[in-house]
Amino acid sequence: MEFPKLRPRRLRLSENIRRLVRETRLTLDDLIYPIFVRYGENIVEEVPSMPGVYRYSVDKVVDAVKEVRDLGIPAIILFGIPEHKDEVGSDTWSEQGIIQRALRKIKKEVPEMYVITDVCFCEYTTHGHCGVIKGHTVDNDLTLENLKKQVVSHAENGADMVAPSGMMDGMVQAIRSALDSAGYTHIPIMAYSAKFASAFYGPFRDAAESAPAFGDRRSYQMDPANAREALKEVLLDVQEGADIVMVKPALAYLDIIAKVKEATLLPVCAYNVSGEYAMIKAAGKLGWIDEEKVMIETLISIKRAGADMIITYFAKDLAKLINKGLI
Ligand code: PBG
């Protein structure tokens with residue numbers, strides 16, 4: 001059969017029929033909201049390149065988490081900005097570290113929130129790289145030793161899940177064994193498995209004060225040109241015991257999300273990163289695009305590509321629309 005008997009438009013003629021044939025839906029269950037916690041007191045400051053996103057001191061973060069909970073978003077991922085940085089990022093495993101203090105406070109006041117911690121060093125080191133520097137680059141195996149201390153400390157202070165983002169070889173295996181030996185066999189690992197060396201992280205690095213002081217991250221984060229290597233990284237993390245694998249950024253990497261979804265049975269997370277958020281906010285502010293519609297279309301595309309969950313700075317905006325029944 002063919003046209004004029006075949007007419008695909010029949011299934012698009014009203015909102016009701018479009019609802020019936022819709023293949024992809026955004027729900028609150030898809031969302032993870034990133035939260036920046038910083039040193040100091042009584043601070044709620046907007047990130048200039050990320051309108052609507054704030055950095056909170058520990059005493060103020062609870063209200064932010066309650067807002068996320070009240071919107072029905074199931075999880076947050078925490079990023080920390082410590083008062084003191086050093087060569088190795090020792091704040092990341094200190095009992096008085098910024099994440100440790102935030103975890104204790106959040107878990108005490110909002111215990112029902114699922115709290116994921118970003119596990120890295122770039123926000124905590126004077127040089128801004130994601131591990132211990134030896135010579136001109138990050139030393140992989142020395143960094144693994146510090147990662148183990150960091151994740152155990154996060155678990156001790158109440159993290160529900162850890163998410164290593166440093167792209168060190170063997171990081172999932174090292175973290176799994178450290179958690180298991182410390183009695184945290186039940187804490188899952190969400191691995192930033194295919195994380196690309198991307199210019200889309202720009203606004204985040206302002207927010208988290210984590211830009212590298214010299215060089216770049218191309219000796220550990222992936223070359224944006226490589227798709228097969230992304231699958232290799234994902235499969236290695238699966239072997240090492242990851243519970244969830246992540247692709248980051250999302251938009252310029254939708255093909256990678258789709259391939260990863262095919263290649264593994266694990267849930268797939270996509271990180272709709274800061275630059276992707278900032279571009280939409282900026283063009284929306286200028287009146288050049290309809291911000292709300294572009295946001296929805298963007299998040300739908302990430303889900304359609306295969307993401308089971310999305311880390312996004314849009315989570316609260318989207319949740320408000322969902323709760324009003326507008327999508
Ligand atoms: C590393 C980390 C980064 C992001 C999340 N975790 C920055 C980087 O790799 O330079 C970027 C997230 C974003 O751009 O929204 N701790």
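The second largest cavity holds about 40 Å³ of space; here a cavity is a set of points, on a 1 Å grid over the protein atoms alone, where a 1.4 Å probe fits but cannot get out, and its volume is the space filled by probe spheres set on the points, which are joined across faces, edges and corners. The model is predicted, so to speak of local features a pLDDT of at least 70 is needed, side-chain atom pairs count only at pLDDT 80 or more, and totals for linings use all residues. Residues are numbered from 1 along each chain, and side-chain values use heavy atoms, without hydrogens and water.

Lining residues have an atom within 4 Å of a point. For the second largest cavity these are Tyr201, Phe204, Lys248, Tyr271, Val273, Ser274 and Tyr313.

The whole structure has 3 cavities of 30 Å³ or more. About 110 Å³ lies in the largest one, where Cys122, Lys195, Phe204, Ser210 and Lys248 are the closest to the centre among 15 lining residues.

What takes up the space of the largest cavity? It is the ligand, which counts as sitting there if more than half of its atoms lie within 2 Å of the grid points. Of the 18 residues around the ligand (a heavy atom within 4 Å), Lys195, Arg205, Lys248, Ser274 and Tyr313 come nearest. Polar contacts are pairs of N or O atoms within 3.5 Å. A ligand oxygen is 2.7 Å from a side-chain N or O atom of Arg205, and a ligand nitrogen is 3.1 Å from one of Asp118.

Methods:
On a 1 Å grid over the protein atoms alone, a cavity is a set of points where a 1.4 Å probe fits but cannot get out, and a pocket is an open set with protein on both sides within 12 Å along at least five of seven lines; lining residues have an atom within 4 Å of a point. A polar contact is a pair of N or O atoms within 3.5 Å; within protein, one must be able to donate a hydrogen and the other to accept it, and residues adjacent in sequence count only if both atoms are side-chain atoms.
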